[in-house]
Amino acid sequence: MADIVATVYHMSDIHIGEAGVKTKDLERAIRRIEEDASSSPSPVLLVTGDLTTEGLREEYEGAASVLLEVGLPSIVIPGNHDERNYGSAIFEELFGERFKTYETEHFALYAADSSEPDNDAGHVGRVKYNEIRDFYGRSKGKVKVFALHHHLIPVPHTGREHNVVEDAGDVLGVLDSARCSLVLNGHRHVPWMWRLGDMVLYNTGTLLSKRVRGGITQLHTKVEISKDEAVFTLCMKDGSSRLFGRSPLRM
Ligand SMILES: [Fe+2]
Ligand SMILES: [Fe+2]
């Protein structure tokens, strides 16, 4: 493995507001990440949505009380639950833009809001395609990563499919032609990885929701990214961790 260009702590589906989900558990996960990040190269926290359950202010404020005080760079985008009850207005008030970018010398991340008000299905929208192409076009020589809440390809063992991004085919086409290396998303509450041609698509699990599937528990994922490989480590809520897998990356 070449030098690591980014250590991404990928967290999703926190679901503050769900019965039994506590802000102090989010805080504990963040402290664990901060400690690990202190000895990891180029750390960044990525939160791919569903911070809340119903998009309500008190839920948002619980998430923000922790996520706005993180001791490393952080990128937060909304998920379908955050859009409920017109929660996007509160998201923007607390976390800023719903589409964000983050760049370092060798790493370029485009994070998209794939949610729509009161609609659980995902959608990126063709109005954004040129912006995504231009961003990656300016990122030659960098590892190109795309983040969103919803999945672009259905994930096994998650029930009947009805939430895949509506314009998934077009988004995948844009990302592939822009030589995107890696897609990071959440929403399905299980860790899973697909390879599509030369692109890797990784779905992380839920950080705290009780709505897990099968035998998997709550977790976040540490993604160590070098110019030619990504290594995915599952960091379980109980403090344990284990290697999920590794995959070659294209430039
Ligand atoms: Fe979720
Ligand atoms: Fe979701």
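**Close-up views of a predicted model**

**View 1. The hairpin of β8 and β9.** In this hairpin, where two residues lie between the strands, glycine 197 adopts a positive phi near 60°. The model is a predicted one, in which local features need pLDDT of at least 70 and side-chain atom pairs count only at pLDDT 80 or more, while totals for chains, interfaces and linings use all residues. Residues are numbered from 1 along each chain as its sequence is written, and chains are lettered from A and ligands numbered from 1 in the order in which they are written. Strands β8 (residues 192–196) and β9 (residues 199–203) pair in the antiparallel sense over five bridges, pairing being assigned if DSSP finds at least two bridges between two strands. Tryptophan 194 has leucine 201 of β9 as its bridge partner. Helices (H or I, at least four residues) and strands (E, at least two) are DSSP runs, numbered from the N terminus.

**View 2. The hairpin of β4 and β5.** Strand β4 (residues 100–104) runs antiparallel to strand β5 (residues 107–111), and five bridges join them. Two residues lie between these strands in the hairpin, and glutamate 103 is found opposite alanine 108 of β5.

**View 3. Alanine 147 in the largest nonpolar core.** This core has 61 residues, and those with the most contacts inside it are Ala147 and Val183. A nonpolar core is a set of buried Ala, Val, Leu, Ile, Met, Phe, Trp, Tyr and Cys residues joined through C-beta atoms within 7 Å; a residue is buried if 20 or more other C-beta atoms lie within 10 Å of its own, exposed if 12 or fewer, and partly exposed in between, with C-beta atoms placed from the backbone. Apart from neighbours within four places in sequence, alanine 147 is in contact with Leu46, Thr48, Ile77, Leu109, Ala111, Leu184 and Asn185, where contact requires that the C-beta atoms of two residues, placed from the backbone, lie within 7 Å.

**View 4. The buried residues of helix α2.** In α2 (residues 57–67), the buried residues are Glu59, Tyr60, Gly62, Ala63, Val66 and Leu67. Seen down the axis of α2, these residues fall within an arc of 160°, so they line one face of the helix; the arc is that of the directions from the helix axis to the C-beta atoms. Among the elements that cover the buried residues of α2 are α1 (23–37), β2 (43–48), β3 (74–77) and α3 (88–95).
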